[in-house]
Amino acid sequence: MRKGAFRLGQVHVLDHPLIQHKLTHIRDKRTGTKEFRALVQEVAMLMVYEITRDLPLTEVTVETPVATAKTKVIAGKTLAIVPVLRAGLGMVEGILNLIPAAKVGHIGLYRDPETLQPIEYYCKLPAHVSDRDVIVVDPMLATGGSAAAALTAVKQRGVREPKLMCLVAVPEGIATVQEQHPDVEIYVAAVDDHLDDHGYIVPGLGDAGDRLFGTK
């Protein structure tokens, strides 16, 4: 696979108008920390709504105030959200607003200054994670190194079919993840043009962690 080339079949660009509208304001450099944080949560909630549309249902019977009704509830596995520290934390609350029963794990990675490879320094996943549907979340899919390492970490702990959810990606990052994890479905709100010489997504939205937490 040439650099920057990726397979379309497992990349899902969620182009709902509300997602695209809010993403525009996330990109805007004039958007302050408070609004940026709220918008990231809102987009994460809208994205997970789309990602979970194929969850299996089972029929149950309930008593309404009027009569007995046969209706549906979600069946099967429960959901786990695994943010990549630190920027992935900004997406969690929005998801939990929609799916409050979801469990949350955390993965921490840093880049080795010599090899430039991501090194895992922390991983705490929910109990019985192998029995859950797992979504790894990180706002930016840039080089793809951290996302691929996070997916490796959850697979090593028994997760069989994790999904990856990011706000913005570039072809280089998608290709890296697909090379190492060809089975993983990737969900993004946008695929941007390229990485610059400093590894930033162009046009992107800047440093998501700094903008979420007001740091430099």
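Student: How many residues does α4 have, and how far does α4 reach from its first C-alpha to its last?
Tutor: This is a predicted model, where local features need pLDDT of at least 70, side-chain atom pairs count only at pLDDT 80 or more, and totals for chains, interfaces and linings use all residues. Residues are numbered from 1 along each chain as its sequence is written, and side-chain values use heavy atoms, with hydrogens and water left out. Now α4: twelve residues, reaching 16 Å, close to the 16 Å expected at 1.5 Å a residue. The expected span is 1.5 Å times one less than the number of residues. Helices (H or I, at least four residues) and strands (E, at least two) are DSSP runs, numbered from the N terminus.

Student: Which residues of α4 are buried?
Tutor: Gly145, Ala147, Ala148, Ala149, Ala150, Leu151, Ala153 and Val154. Buried means under 20% relative accessible area, exposed over 50%, partly exposed in between, with a 1.4 Å probe and protein chains only.

Student: What comes just after α4?
Tutor: Glycine 158, with a positive phi of about 105°.

Student: Which residue has a positive phi although it is not a glycine?
Tutor: Histidine 128, at about 55°. Most residues other than glycine have a negative phi, and most peptide bonds are trans. Histidine 128 lies in the loop between β7 and β8.

Student: Is histidine 128 buried or exposed?
Tutor: Exposed, because its relative accessible area is 60%. Proline 126 is found in that β7 to β8 loop too. But proline 126 counts as buried, because its relative accessible area is 12%.

Student: What does proline 126 touch?
Tutor: Ala80, Lys103, Val104, Gly105 and Arg132, leaving aside residues up to four places away in sequence. A contact means heavy atoms within 4.5 Å. Take Val104: its C-alpha and that of proline 126 are separated by 6.4 Å, though the two residues are 22 apart along the chain.

Student: Back to peptide bonds. Where are the cis ones?
Tutor: One joins leucine 85 and arginine 86, with omega about 5°. Arginine 86 lies in the loop between β4 and α3. Another joins valine 202 and proline 203, with omega about 0°. Proline 203 sits in the loop between β13 (201-202) and α6.

Student: Switching topic. What volume does the largest pocket have?
Tutor: About 710 Å³. The search uses a 1 Å grid over the protein atoms alone: a pocket is an open set of points with protein on both sides within 12 Å along at least five of seven lines, a cavity is a set where a 1.4 Å probe fits but cannot get out, and lining residues have an atom within 4 Å of a point. Points are joined across faces, edges and corners, and the volume is the space filled by probe spheres set on them.

Student: Which residues lie nearest the pocket's centre?
Tutor: Asp138, Met140, Ala142, Ser146 and Asp207, out of 26 lining residues. β4 (79-85), β6 (106-111), β7 (118-124), β9 (140-141), α4 (145-156) and α6 each supply at least two residues of that lining.

Student: How does the lining split by class?
Tutor: It has 14 nonpolar, eight polar and four charged residues. Ala, Val, Leu, Ile, Met, Phe, Trp, Tyr, Cys and Pro count as nonpolar; Asp, Glu, Lys and Arg as charged; the others, Gly among them, as polar.

Student: What about α2? What do its buried residues pack against?
Tutor: α1 (17-27), α3 (89-98), β8 (133-137), β10 (163-169), β11 (185-191) and α6 (208-213). Those buried residues include Phe36, Leu39, Val40 and Val43. The helix covers residues 33-51, and its 19 residues reach 27 Å, close to the 27 Å expected.

Student: Last one. What pLDDT does the chain average?
Tutor: 91, and 95% of the residues score at least 70. Over residues 1-5 the pLDDT is below 50, and that stretch has nine contacts in the model beyond near neighbours in sequence. pLDDT is the predictor's confidence in each residue, from 0 to 100.
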